Amino acid sequence: MLSPRAQKIKPSPTLAIDARAKAMKASGIDVINFGVGEPDFDTPDNIKEAACRAIREGFTKYTPVAGIDPLKDAVIEKLQVDNGITYKREEIIVSCGAKHSLYNIAQALYGTGDEVIIPCPYWVSYPDQVLLNDALPVFVQTHEKDSFLLRSEALEASITSKTKALILNSPSNPTGMLYDRKTLERIAELAVKHNFYVISDEIYEKLVYDNAVHISIASLSDEIKARTIVVNGLSKSHAMTGWRLGYAAGPADVIKAMTNIQSQSTSNPSSITQKAAVEALKGPQDFIAVMRSEFDKRRTFIVRELNEVPGMHCVMPKGAFYAFPNTARIYGSRFGEKTIVSSTDLALYLLEEAKVALVPGDAFGDDNYLRISYATSLDDIRRGIERIMQAVQQLVPVT
């Protein structure tokens with residue numbers, strides 16, 4: 001029999017949708033995939049060459065568990081230059097992707113009886129990682145009218161003597177929202193006052209638009225830095241999803257515990273990927289601006305078009321590469337004998353009838369929405385929205 005821990009969790013719905021879409025494509029069906037959160041750009045050549053050079057030079061053995069010193073130094077420099085935060089080597093750990101970093105944090109910090117505050121909507125893995133470590137996720141609803149930002153009043157109302165941490169994601173998956181300095185300062189005040197950790201997931205940091213500025217909560221003061229673990233990686237910023245390289249920066253005792261845990265699970269991340277990561281962080285960064293500019297064009301187009309679909313309303317995201325349209329007004333509509341009553345119903349209908357794959361908002365903690373990734377070509381976006389429009393128009397509306 002499976003352990004109670006294993007029975008608490010479910011597979012990632014985003015990866016499940018992506019797998020189903022790819023299986024349909026493999027069988028010859030023309031599916032447009034808006035499901036996966038993965039840049040459609042290739043990894044820059046200088047990064048690939050750094051990996052090839054590592055192989056040619058025989059850099060294919062074990063490394064220190066928490067990463068090689070040149071990579072730690074590159075991460076330290078990045079955090080100082082980009083975020084204004086100073087760290088030492090013993091405050092850095094490199095892992096097999098940002099998701100792995102988050103899991104190591106969960107293993108190091110959470111325990112039975114602990115509560116971890118998660119703003120809704122949330123990235124799908126946050127609650128399951130909390131549950132896997134026998135802690136309790138505490139969901140705090142955010143609202144479209146507030147740009148999906150966690151308000152200090154709502155946060156304070158959810159804090160108890162058992163609160164161990166808050167998971168903060170900015171820019172956000174799935175909403176694309178970005179936290180401003182004033183809101184972060186209020187959250188930081190509460191974290192310091194009530195002495196809980198802030199897990200700051202900043203993986204989409206480089207993908208912000210309209211001259212917006214990403215701010216790391218750890219940069220606000222020494223007090224909040226001492227309670228913050230910053231998580232980042234190269235998957236989104238450098239189109240390196242398959243390379244599996246993430247990192248975390250935080251208090252030395254937490255990083256040491258994460259390192260010990262990693263030593264008994266994965267050991268070091270790939271030695272070859274680490275060499276590539278040094279080049280990614282220290283080499284030319286022009287690629288990011290090019291990719292961000294293309295995502296910006298897609299963002300503007302897809303939001304405009306989604307707002308033309310009957311029953312949908314979509315706010316303009318400030319970061320990441322997701323649109324998060326409100327679809328609640330479509331619920332109750334019918335297609336044949338089937339009634340659409342949830343985001344899952346609507347997502348399945350669009351996959352089956354329109355051959356468009358996207359993720360129901362229920363997977364992110366809000367059933368009134370769908371998540372659409374625009375990390376695909378503008379041509380695919382155009383065709384996909386046309387299919388969504390036609391499919392929604394076929395529904396018999398609520399009477």
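Trainee: Which residue lies over the face of Y87?

Mentor: A charge sits over a ring if NZ of Lys or CZ of Arg is within 6 Å of the ring centre and within 35 degrees of the ring normal. Here K225 lies over the face of Y87, 4.7 Å from the ring centre. Likewise, the charged end of K275 is over the ring of F59, at 4.7 Å from its centre. Do keep in mind that this is a predicted model: local features need pLDDT of at least 70 and side-chain atom pairs pLDDT 80 or more, while totals for chains, interfaces and linings use all residues. Residues are numbered from 1 along each chain as its sequence is written, and side-chain values use heavy atoms, leaving out hydrogens and water.

Trainee: How many aromatic pairs are there?

Mentor: Rings of Phe, Tyr and Trp (its six-membered ring) pair if their centres lie within 6.5 Å; planes under 30 degrees apart are stacked, over 60 edge-to-face, and the rest tilted. By this rule the count is 14. Take F41 and F287: their ring centres are 6.3 Å apart and their planes meet at 85 degrees, so this pair is edge-to-face. F41 belongs to the loop between β1 (32–33) and α3 (45–56), and F287 to helix α12 (residues 286–306), so the pair ties together parts 246 residues apart in sequence. Such helices (H or I, at least four residues) and strands (E, at least two) are DSSP runs, numbered from the N terminus.

Trainee: And how do Y204 and Y322 pair?

Mentor: They are edge-to-face too, with 5.7 Å centre to centre and 75 degrees between the planes. Y204 is in the loop between β6 (197–201) and α9 (222–225), whereas Y322 is in strand β9 (residues 322–323), 118 residues apart.

Trainee: Is Y204 buried or exposed?

Mentor: Buried means under 20% relative accessible area, exposed over 50%, and partly exposed in between (1.4 Å probe, protein chains only). Y204, at 3%, is buried, and so is Y322, at 1%. F41, at 23%, counts as partly exposed. Ring pairs link F41, Y204 and Y322 into a cluster with F287, F295, F321 and Y374.

Trainee: What is the strand order in the open sheet?

Mentor: Two strands pair if DSSP finds at least two bridges between them. The 7 strands here run β2-β8-β7-β6-β5-β3-β4, with mixed pairing. At the edges are β2 (92–95) and β4 (136–141), each pairing on one side only. Strand β3 (residues 115–120) runs parallel to β4, joined by 6 bridges; P119, for example, has V140 in β4 as its bridge partner.
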